[in-house]
Amino acid sequence: MTIKRYGTGQTGAGKQALPFARAVEANGWLYVSGQVAMENGEIVGGGVIAETRKTMENLIAILEEAGYGLEHVVRVGVWLDDPRDFWSFNGVYAEYFGANPPARACVQSSMMVDCKVEIDCVAYKAP
């Protein structure tokens with residue numbers, strides 16, 4: 001089995017090196033690390049709606065880099081900083097997955113960076 005890593009050597013907030021891959025592909029499975037609304041090493045502002053859109057854009061960019069799309073996503077994990085943001089987040093999220101949503105877990109959690117939402121996913125495409 002071949003394992004391919006995407007996005008190693010990236011930097012995060014404060015330009016610190018990130019000690020993980022943005023995604024890892026193995027045997028048709030793609031595991032995408034948690035994404036936040038980061039652009040040029042900084043979290044974008046604008047509240048949970050803007051952050052959710054940017055986070056999804058970042059997730060989609062990684063999927064596409066690996067040759068996958070949202071149609072291949074089978075599971076999503078979501079962390080929200082504030083549970084009161086759930087319905088606003090959910091409205092934006094639904095715009096991306098529509099009639100064929102993946103399985104999902106959504107929890108409230110303190111974040112490691114100053115963001116309102118973090119999203120990871122697992123995608124599958126037959127090798």
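Guide: A nonpolar patch here joins side chains of Val, Leu, Ile, Met, Phe, Trp or Tyr that lie within 5 Å, taken from residues with over 30% relative accessible area and no salt bridge. Keep in mind that this model is predicted.

Visitor: Thanks! Which residues form a nonpolar patch on the surface?

Guide: The members are W29, Y31, V74 and Y124, and together they have about 360 Å² of accessible area.

Visitor: Let's turn to helices. How should I read a list of buried positions?

Guide: Start with the general idea: an α-helix has 3.6 residues a turn, so residues three or four places apart point the same way. Now the case: helix α1 runs over residues 47-65 and reaches 27 Å from its first C-alpha to its last, close to the 27 Å expected. Its buried residues include V48, E51, T55, L59 and I62.

Visitor: What follows just after α1?

Guide: There you find G67, with a positive phi of about 85 degrees.

Visitor: And the cysteines: how many disulfides does a search of the whole structure find?

Guide: The search finds zero. For C106, the nearest cysteine sulfur is that of C115, 13 Å away. C106 counts as partly exposed, at 29% relative accessibility.

Note on methods:
Residues numbered from 1 in each chain as written. Predicted model: local features only at pLDDT ≥ 70, side-chain atom pairs only at ≥ 80, totals over all residues. Heavy atoms only, no water. Helix = DSSP H or I, 4+ residues; strand = E, 2+ residues; numbered from the N terminus. Expected span 1.5 Å × (residues − 1). Buried < 20%, exposed > 50% of the residue type's maximum accessible area, 1.4 Å probe, protein only. Patch = residues over 30% accessible without salt bridge, like charges linked within 9 Å, V, L, I, M, F, W, Y side chains within 5 Å. Areas by Shrake-Rupley, 256 points an atom, 1.4 Å probe, with all protein chains shown as cover. Salt bridge = Lys/Arg side-chain N within 4 Å of Asp/Glu carboxyl O. Disulfide = S-S within 2.5 Å.
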